[in-house]
Amino acid sequence: MAWIHGWLGLLAGWILFAMFLTGTASYFRPEITRWMQPELHLRAVPPDMAAATAVAWAQANAPHDEQWYIYLPDDRTIATRIFTRPRPDAAAARTARREEVRLDPASGRPLAARDTRGGEHFYRFHFQLQLPHPWGRWLAGLCAMFMLGAILSGVVTHKRIFVDFFTLRWGKGQRSWLDAHNVSAVLALPFHAMITYTGLITLVLMYMPWPIAANYAKPAAFAAEAFGAEPDTPASGRPARLVPIAPLVGAAMREWQGGRPGTLIVRNPDDAASTVTLVRDGNDGLNARGGSISYAGATGARLSASPPPGPAIETAGVMLGLHMGWFAGPVLRWAYFLLGLTGGAMVATGLLLWTAKRRRPGARPFLGLGCVERLNIGAIACLPAGMAAFFLANRLIPAAQPGRADMEVAAMFWVWFGLAALALLRPVRRAWIETLAVAAAAFAAIPIVNASTTDRGLLRSIASGDGLFAAFDLAMLAIATGLGFAAWRISRAAAAPRRRATVARVPAAVTELADAA
Amino acid sequence: MTMARKAAGRGWHLAARCLTALVGGYAAAAAIASLGARLLPIAAAEATAWGMILSFLLFAVLGLWAFHEHRLGRVALVIWGTALASVAILLLLGPRG
């Protein structure tokens, strides 16, 4: 079991590390997006007001489209997102695909801020790995299965699991890495097992659709039975106006006993057979799928609601909720964040343990060991540098620059892979020290660049009580300190043995000179 | 057999074991989960969901067992055999009426 544990961890480790870091960052997805658009000062509004302003915008700008998807803001996301789907015949006349629009929920006007992917970038990378659909999700799923196998084999292998929980031997090379790997893995084992399994469940419809085929001739029948059929009445052809939306939101919130709507789907908005479906926000409870209620758009009459889920469907919804952590308040969210970092530490210490075990002092490393060492540097030290570069690019690229959102993403990949490539030119130990130092410097630069390019620098944020901006900049400094400390520790460990070797070599050189003379 | 041929034989055996664990394990887990979903005497949507949820654990256990069990013949027979048999039964049964 130890053999397979090592191989599963090694083969999937670098990608898993990247998934852990970007996924952990995604617990603050809306906060990252808000930090990356410092021009915005939006205030939260009640959901009925946000829905009303969104519908007003859609009626003014896309009145004859087939469907409106309106993602209502909550107290973290702040802005309304709208995506509309044009009628098939109208789409032929329009070549460009509709972009998503973000609105100020109080006024209903489109946001005027620098274009950026924001936290969406890390979130999407986490399960798509920047690869074209569906390859990224398949690869992420494969790595998740390897992780599941590594967790099970790790527990089976680790017979003294509770004794070793309390063992952490510093400064003993391979043994220390083993202890660190055990502590980070065992300390948060319930979290690691939960996050891995629930992660697979988030994409279960893609990874394991076969039981649906075993029970249903038409796959859509499963979705209808499990989550309620979507209202799909075709357009009647008779024009009609939508009823005011705010009372519908109020009615839904009463039916959900205070639960909020997260999404609004309006079908055939200008037609007499229009429907308005309100989907409950996943934040309300552990089950991320809160159910939906549909109303007739022209009359406001209640048409249908999704059926209450059975135990299996509820379990799947709760697993989704546990992975996404939407239900978490601020304290639990930070706990998720720290546990995610522990997961990253587990993977990283595992990879470092693998090389520490196989490094023979004085002997030439075999090809595989060299590859693993270089990939370790590329993943563990250079990815954080790339993530910092993403934030730095956000502040340094001019706000009005066209295509700046893609440039920010490109900055992350150029710095990540570029730094890893440059590190190949250096001996392994120096490469570790230098890449970690670059990453530390990049993170430390973020608050400085923020203060010099915007009016929401760290000191200003603390003074004005802007919790989000202050916490973000402080977190960047904390990460910089951690990376810098790591670089410093390695440089000290590298210096000590070299000094002894130099002392030993001098007498030999002197003897040689004496012989030559 | 020469040392080189023995090593090559071991290489092919390892490749076969990996293929059986990864591809065969996935096929067997999917097939068993689907058969369970088809036969469980509860609501179709519920049985389907339970099958989907538990399939990953089944896949992981089968995959690990494929490397734990020493005899490759046994591993291949159990994993591929179960996959084929389950799929055959499912095709014969067809979806729920």
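Axes are lines fitted to C-alpha atoms, for helices over the stretch in contact, and angles run from 0 to 180 degrees between N-to-C directions. Two packed helices are described by the angle between their axes and the distance between the axes. This report applies that description to a predicted model.

**Chain A**

Chain A holds 517 residues, of which 43% are buried. Its secondary structure consists of 20 helices and seven strands. The C-alpha trace of chain A spans about 110 × 55 × 45 Å along its principal axes. When contacts in chain A between residues at least 6 apart in sequence are considered, 69% of them join residues at least 24 apart.

| Helix pair | Angle between axes | Distance between axes | Crossing |
|---|---|---|---|
| Helix 8 (residues 174-187) of chain A and helix 15 (residues 330-358) of chain A | roughly 155 degrees | within 8 Å | left-handed |
| Helix 6 of chain A and helix 2 (residues 44-68) of chain B | about 65 degrees | 9 Å | right-handed |

**The pair within chain A**

The axes of helix 8 and helix 15 of chain A cross at roughly 155 degrees. Helix 8 of chain A is therefore roughly antiparallel to helix 15 of chain A, given that angles over 145 degrees count as such. The residues of this contact comprise ten nonpolar, six polar and one charged. On the side of helix 8 of chain A they include A:Trp177, A:Leu178, A:His181 and A:Leu187. Helix 15 of chain A contributes, among others, A:Met346, A:Leu352, A:Leu353 and A:Lys357.

**The contact between chains A and B**

The contact takes 28 residues from chain A and 27 residues from chain B. On the side of chain A that touches chain B, the elements giving two or more residues are helix 6 (135-157), helix 9 (189-202), helix 11 (210-215), helix 12 (219-227) and helix 14 (311-324) of chain A. By class, this side of chain A has 22 nonpolar residues, five polar residues and one charged residue.

Helix 6 of chain A packs with helix 2 of chain B at an angle of about 65 degrees. Where these two helices meet, helix 6 of chain A supplies A:Met145, A:Leu148, A:Gly149, A:Leu152 and A:Ser153. Their counterparts in helix 2 of chain B are B:Phe56, B:Phe59, B:Ala60, B:Gly63 and B:Leu64. The residues of this contact divide into seven nonpolar and three polar, with no charged residue.

Definitions and conventions: Residues numbered from 1 in each chain as written. Chains lettered and ligands numbered in written order. Predicted model: local features only at pLDDT ≥ 70, side-chain atom pairs only at ≥ 80, totals over all residues. Contact = placed C-beta atoms within 7 Å. Helix = DSSP H or I, 4+ residues; strand = E, 2+ residues; numbered from the N terminus. Nonpolar A, V, L, I, M, F, W, Y, C, P; charged D, E, K, R; others polar. Buried ≥ 20, exposed ≤ 12 C-beta atoms within 10 Å, placed from the backbone. Parallel < 35°, antiparallel > 145°, perpendicular 65-115°, else oblique. Left-handed = near helix turned anticlockwise from the far one by under 90°.
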